[in-house]
Amino acid sequence: QVQLVESGGGLVQAGGSLRLSCAATGSRFNLNTMGWYRQAPGKQRELVATVTRSGSTNYGDSVKGRFTVSRDNAKNTVYLQMNTLKPEDTAVYYCNAAGVDLPTARLFEVWGQGTLVTVSS
């Protein structure tokens, strides 16, 4: 059973930076795409950024040029560096990972528990 453990959320002033981390735990799996989504109060969950195993990235329009997603395949960990934060970036940020369970060859997708990012004006 693969689980995602997130860390790094908190309170920051507008213009500041935060770095989120998400580590996948478990055994005998390969991860394909990892990434981050967010959900603000009263809004739908939206894409923040994803990164494939080979390093290809995709960003939501609202974070392009400010956020950077990266991963360490050896550690099964994905990171989100958030710069020039704005109050509208306030949301619960969820880590997401898709991969394959090696013993069964079954595909899976898992979500983290979420970490709150609050940007004050």
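Tutor: Helices (H or I, at least four residues) and strands (E, at least two) are DSSP runs, numbered from the N terminus. This is a predicted model, in which local features need pLDDT of at least 70 and side-chain atom pairs count only at pLDDT 80 or more, while totals for chains, interfaces and linings use all residues. Residues are numbered from 1 along each chain as its sequence is written, and side-chain values use heavy atoms, with hydrogens and water left out.

Student: Where is R28 found, and is R28 buried or exposed?

Tutor: R28 is found in the loop between β3 (18-25) and β4 (29-39), and R28 has a positive phi of about 55° although it is not a glycine. Buried means under 20% relative accessible area, exposed over 50%, and partly exposed in between, with a 1.4 Å probe and protein chains only. Because the relative accessibility of R28 is 58%, R28 counts as exposed.

Student: In which loop does N76 lie?

Tutor: N76 is a residue other than glycine with a positive phi, near 50°. Its place is the loop between β7 (67-72) and β8 (77-82).

Student: What separates the C-alpha atoms of G16 and T84?

Tutor: G16 sits in the loop between β2 (10-13) and β3, and G16 is buried because its relative accessible area is 19%. Although G16 and T84 are 68 residues apart along the chain, the separation of their C-alpha atoms is 5.5 Å.

Student: How far from E6 is the nearest side chain of opposite charge?

Tutor: E6 belongs to strand β1 (residues 3-7). Lys and Arg count as positive and Asp and Glu as negative, whereas His and the chain ends are not counted; a salt bridge is a side-chain nitrogen of Lys or Arg within 4 Å of a carboxyl oxygen of Asp or Glu. E6 is buried yet has no salt bridge, and the nearest side chain of opposite charge, that of R45, is away by 8.0 Å.

Student: Which backbone nitrogen does the side chain of E6 reach at 2.5 Å?

Tutor: A polar contact is a pair of N or O atoms within 3.5 Å; within protein, one must be able to donate a hydrogen and the other to accept it, and residues adjacent in sequence count only if both atoms are side-chain atoms. A polar atom of the E6 side chain lies 3.4 Å from the backbone nitrogen of T115. At 2.5 Å, the side chain of E6 reaches the backbone nitrogen of G114.

Student: Why does the pair R38 and D89 tie together parts of the chain?

Tutor: R38 and D89 form a salt bridge, with 2.9 Å between the closest N and O atoms. R38 lies in strand β4 and D89 in the loop between β8 and β9 (91-101), so the pair ties together parts that are 51 residues apart in sequence.

Student: Which residues do salt bridges that share partners join into one network?

Tutor: The structure holds four salt bridges, and one of them is formed by D89 with R66, the closest N and O atoms being 2.7 Å apart. This pair links distant parts of the chain, with D89 in the loop between β8 and β9 and R66 in the loop between β6 (57-59) and β7, 23 residues apart. Both D89 and R66 are buried. The network joined by shared partners consists of R38, E46, R66 and D89.
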